[in-house]
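Here is a short tour of the spaces and ring contacts in one protein structure.

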Amino acid sequence: MKSYGYGIAPLYSLLQNFRDQYNEILMSEYCAQFERDLEKDNYAPISVENEEQFRAVIREFPFYKRSMEQEPFPRKFPYSRFVVSAYSKAKLYLQGCLKFMEHLQLTNSEMDDTVRRYANVLLSRWSGSLKSFVERKLSLVQLVQITVNIGYLEKSCESLGVYITKLTSGNELNVSMTAHQLSLTERVFRDARSEVEQQIEVCIRDKVDAFIELAQYDWELPSSSGHASDYISDLINYLSTTFLSFTNLPSVLARHVCMQVLLRIVGVCTL
């Protein structure tokens, strides 16, 4: 068309509008997959029985403590299968975004910035889905694992940024040249993280209240039996098990929750 003297700028503008519509459809599909993965996850750390399984996991999601390589099998990753799936789907989404940009006369820099913008929107929507999901009545085990998972999703943002650069430049030598580019930020998951942390605190507080409400005292007991009431023993056992499950939580969060629980117990018992 250009060789016949026709202006092609409007055509490329139309194609870019098609690109935006295509991307919205693509993003909706990956958001739906993300929500399905949330529903079906077992919310348990990934356990591997041998070296082959271990390597298969880190090929998909290369975030782990190097000391794990020295541990005996079975080995456990802190995150659940959901994290690996989300990371893999994010990369597939980025590939899909880029495919529709071919032959639109965009520079590598323009493609890079556009894909990054789309990626941030996707992560923001995923964060919204996470926030809505944890607003349900989930178990403490689920909430703790979701908190750990969010931490690893946040860590993966930088890696996804590097992956975008590789896709758009086609040259790994340019991977480090990202200072001028729109970055993917882990802050996108901030609201989801805040919500799940609040839910953890509420969940434990409600459980503590339930233990104390079940307490029954023998007010006519002539003297102390010399040992704690059964409900106190049960409460201590519950808290011991619960606090052990906080191993992979951020230390600041774990300390905060523990302190709030202890303050709750003191407050209720002194009423």
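A pocket here is an open set of grid points with protein on both sides within 12 Å along at least five of seven lines, and a cavity is a set of points where a 1.4 Å probe fits but cannot get out. The model you are looking at is predicted.

Let us start with the second largest pocket, which has a volume of about 230 Å³. Its lining counts 13 residues, and P45, V141, V144, Q145 and S245 are the ones that lie nearest the centre.

Helix 5 (140-169) and helix 7 (230-244) each provide at least two of the lining residues. Where does the pocket sit relative to the domains? Residues of the lining come from both domain 1 (8-188) and domain 2 (200-217 + 225-270), so the second largest pocket lies between them.

Turning to cavities, the count comes to two of 30 Å³ or more. The largest cavity has a volume of about 40 Å³. Its lining is made up of A86, Y87, A90, L123, W126, L153, S156, C157, L160 and F189. Nine of these residues are nonpolar and one is polar, while none is charged. Helix 3, helix 4 (108-134) and helix 5 each supply at least two residues of this lining. Helix 5 has the largest share here, at four residues.

**Aromatic rings**

A pair of aromatic rings is described by the distance of the centres and the angle of the planes. A search of the whole structure turns up 13 aromatic pairs. In one of them, F61 and Y79 have ring centres 4.9 Å apart and planes at 75°, and planes over 60 degrees apart count as edge-to-face, so this pair is edge-to-face. F61 belongs to the loop between helix 2 (51-60) and strand 2 (75-76), and Y79 to the loop between strand 2 and helix 3 (81-99), so the pair ties together parts that are 18 residues apart in sequence.

| Charged residue | Ring | Distance to ring centre |
|---|---|---|
| R117 | Y118 | 5.5 Å |
| K207 | Y238 | 5.9 Å |

R117 lies over the face of Y118, and the charged end of K207 sits over the ring of Y238.

Finally, have a look at N50, in the loop between strand 1 (47-48) and helix 2. Buried means under 20% relative accessible area and exposed over 50%, so N50, at 30%, counts as partly exposed.

Technical notes
Residues are numbered from 1 along each chain as its sequence is written. This is a predicted model: local features need pLDDT of at least 70, side-chain atom pairs count only at pLDDT 80 or more; totals for chains, interfaces and linings use all residues. Side-chain values use heavy atoms; hydrogens and water are left out. On a 1 Å grid over the protein atoms alone, a cavity is a set of points where a 1.4 Å probe fits but cannot get out, and a pocket is an open set with protein on both sides within 12 Å along at least five of seven lines; lining residues have an atom within 4 Å of a point. Grid points are joined across faces, edges and corners, and a volume is the space filled by probe spheres set on the points. Domain bounds come from an automatic or database domain assignment. Rings of Phe, Tyr and Trp (its six-membered ring) pair if their centres lie within 6.5 Å; planes under 30 degrees apart count as stacked, over 60 as edge-to-face and the rest as tilted. A charge sits over a ring if NZ of Lys or CZ of Arg is within 6 Å of the ring centre and within 35 degrees of the ring normal. Buried means under 20% relative accessible area, exposed over 50%, partly exposed in between (1.4 Å probe, protein chains only). Ala, Val, Leu, Ile, Met, Phe, Trp, Tyr, Cys and Pro count as nonpolar, Asp, Glu, Lys and Arg as charged, and the others, Gly among them, as polar.
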